[in-house]
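User: Please take me through the fold and packing of the protein shown here.

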Amino acid sequence: MSKDYISDNVGSDASQGVELPARGDIAELFSLAEFSETQAEMTGYSDYSYWGSTITMFFRKKLAVAILLLLVSLLAFTFIQPYLPNQLDPTRIYFSSTGGFIRNNTPNSTHWFGTNAVGQDLWARIWSGTRTSMMIALIVASWDLIVGIIFGALWGYVRQVEAAFEAIYNVLNNVPSTVIHILLSYIMRPSMSTMIFAFCITGWVPTARYVRNQIMIIRDREYNLASRCLGTPTSRLITRNMLPHLVSVLTLRFAMSIPATITSELTLTYVGLGLPISIPSLGNLVGEGRAVMMDTRLRYQLFFPCAVVCLIAISFYLIGNAFSDAADPRNHV
């Protein structure tokens, strides 16, 4: 405030009954504020962390945490099981002391889950099959998520490629994925690589479509327009401004893709185009159990692999839902 302005207005409101301070007192009311870089940084400080809040919200859900611990324990045991003592070979055919096959033997102290129709140990085969199916599912789910995000983000933001991506989507989406899986498995030699390739061909399409729709909704909002005016690169706009809005749903889609891949493997095995019998998987174990399910004494061969499949599917579904809710910023405090 200038001195001339102060001197001109001192006493100007006396006629209105307002008592103004004297000229000397006014100077004492003002002091020069010195700049402090430390205090300036503290004014903009916030201890909010997106991932920290997400983890905090997730661990507040006791049921989800218990299921997570159960699933982690199951998967850890699946991978360390071959290295434990007194474990049997999943592909070896066992004989009795009389020289005959130990076939369709009910669960006992030696074969905890019994044996199948050719005398193989079901305990070892189920855990070996779980490792195989989980490896396939994790690879396919990771591919679907990564490729779906990349294609979907470019499809929704870069208008020049929209027509080409739309054509690719129409071709892949209008042919049933099961038909594609069956054709590729029939043409190529049945193996893990064949099954992974068949699932990866079309698995990313739903994720790409979803990401594209969400990107189109938020790409022209004010903060994105301001970022474009400031010259922000397209890659930074997509990764920093748009994709964080989709974290909650994408984590759920990743979690649901794992049991969906196992289900697809079961379908291929059901029609006889799954993995060869020499490679244990949950698919061919369920197929073997289905063949003997009408015999009440042998239903254990279907029950045990189905129980593992159901446990994995339900666990991923519940954990995915809980983490999706926790990752939603609207639920953070």
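Analyst: The protein exposes about 19,600 Å² (Shrake-Rupley method, 1.4 Å probe), and carbon and sulfur atoms supply 63% of that area. This is a predicted model, in which local features need pLDDT of at least 70 and side-chain atom pairs count only at pLDDT 80 or more, while totals for chains, interfaces and linings use all residues. Residues are numbered from 1 along each chain as its sequence is written, and side-chain values use heavy atoms, with hydrogens and water left out.

User: How many helices and strands does the protein have?

Analyst: Helices (H or I, at least four residues) and strands (E, at least two) are taken as DSSP runs, numbered from the N terminus. On that basis the protein has zero strands and 15 helices.

User: How do the axes of α13 and α15 run, roughly parallel or roughly antiparallel?

Analyst: With axes fitted to C-alpha atoms over the stretch in contact, and angles running from 0 to 180 degrees between N-to-C directions, α13 and α15 come within 7 Å and cross at roughly 170 degrees. Because angles over 145 degrees count as such, α13 and α15 are roughly antiparallel.

Notes. Angles under 35 degrees count as roughly parallel, over 145 as roughly antiparallel, 65 to 115 as roughly perpendicular and the rest as oblique.
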